[in-house]
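Subject: A structure for you to look at

Hi,

Here is the structure I promised to pass on. Have a look at it first, and then read my notes below.

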Amino acid sequence: MITKTILVLAAATFLANSSMAAPIDGITLSEDGRTAVFSESSGYLTTPPVHEAGTKTLFSNIGTKYPKGEYFCCFGDTISGPDSVVGSQNWAAAQFASADDAIVTEIDVAAEWAGGTNEITINLYADKGGVPGKLLKTFKATGLEGVSTCCAFAVGKDKTGIAIKGGRPYWVALTTGDPDTFAIWVDNSTDQIHGLPLAGNTGTGWLAAGYQIPQLSFGVFGK
Amino acid sequence: MIVKVLAVTAAALVGGNTAMASGIPAGIILSKGGSVTSIAHGTGIYMPPPRHDDGARVIFSNMATRYTDGLYFCCSGATVSASGSILNSQSWPAMQFTASANAVVTEFDVAVQLVTGTNEVDLNLYADDNGLPGSLLDSVKVTGLPGTGSCCSLAVAKDKKGIPVTAGAHYWVAVTTDASGTDTFANWAFNTTDQLDALPSAVNKGSGWVTNGGAVPAASFAVYGK
């Protein structure tokens, strides 16, 4: 069962609407367009999701020890459709592993909306030779918070769950369903040293993109 | 004065006001106006933070000491530049803090990283003067900064005698350049503990300190004392 979830408070809604008039004001992209930086945070608090009772963390780099810094507000990877203001498709995937066999029931991704259709797709993939392989689950998330806020997440929930094997690599990917979407998957705030394998898809399939330091911010939860 | 900013193909569409600067290292991203310097990817290089003197207590800190590999954000911060740097303009940032208690400041640590140019900056402690840095209370030259994109080394200013501060009063920590570092280009990395609350900030672009509004996130620093 697919549950569409996203946390948006009034402030984030206001921000998003304000940004619509100038959807990319304050954003600077790297030369290859894949890294987005915002000059400053909006200072808007949007609350993170509450997990089901008994949920355990399978992987997380979310900064829960600092509730106002669960991720870094203002720097991340471009997620865009081909008709977005960026002008090209940019999908990103981060690899993770669970220590033990588990059932994934929730994936939280620190995604912020920058322009176009306010919707992204959260995907869970098996690994195939170091890039995303078989698609295990897809969640559509709408109503993303605006750029440079903290600390809401795009959330995908599946009560039945998806079985994963301990010690094996899996991938969480953010993709676009609508071709004009421009969003940012922001970086984590807890580890600036250790990378995670990254893959990108610019329209010709998933390709390995080295290690991402700092890691993109996300958590995988389950039972 | 023209601030030269990294231009990007897509950012030409997106940023709107970017322009190519010669000599900017690959991977460095400057915001519109040049006040924020970023690097596209961290280097993964870890350098430990300093040890404090026994008995030192925290007067102010926004450092993420609960995450030893994430003391601050590796890859984005406030631009620090001398007028002769590759940016061709001076930019000295300052962050305000409020002393949590009557104390004597014996150390202040700043998450500043070298981008290019002479590897040195001055760390300064100022009294507040109507919302801007006022009287200079202490200044320490620091060399051998870590490269941008690394973590978790800090530029450290120590003063054994100490500088008295008053609880509730405002003070400023500023990163500046001087005559021996006329081409320094560095960045003062942002904190990772608070993306919501602003710290008053100021900037000196060559004609004195002016307000730069509330910095969110603020640059990362800590003030210690006894």
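Let's start with one pair: in strand E12 of chain B, Phe185(B) is the bridge partner of Ser81(B). Strands here are DSSP runs of E with at least two residues, numbered from the N terminus.

Before going on, please note that this is a predicted model, where local features need pLDDT of at least 70, side-chain atom pairs count only at pLDDT 80 or more, and totals for chains, interfaces and linings use all residues. Residues are numbered from 1 along each chain as its sequence is written, while chains are lettered from A and ligands numbered from 1 in the order in which they are written.

Strand E4 (residues 76-81) of chain B runs antiparallel to E12(B), and five bridges join them. Two strands pair if DSSP finds at least two bridges between them. E12(B), residues 185-189, is also joined to strand E7(B) by four bridges, again antiparallel. There, Trp188(B) sits opposite Val112(B).

How many residues of E7(B) are buried? Four of the five in this strand, residues 112-116, are; buried means that 20 or more other C-beta atoms, placed from the backbone, lie within 10 Å of the residue's own.

Together, E1-E2-E4-E12-E7 of chain B make an open antiparallel sheet, in that order. E1 (28-30) and E7 of chain B are at the edges with a single partner strand each, so one side of each has no neighbour in the sheet.

Finally, the contact between the chains takes 36 residues from chain A and 39 from chain B, counting residues whose C-beta atoms, placed from the backbone, lie within 7 Å.

Enjoy exploring!

Notes
Contact = placed C-beta atoms within 7 Å. Buried ≥ 20, exposed ≤ 12 C-beta atoms within 10 Å, placed from the backbone.
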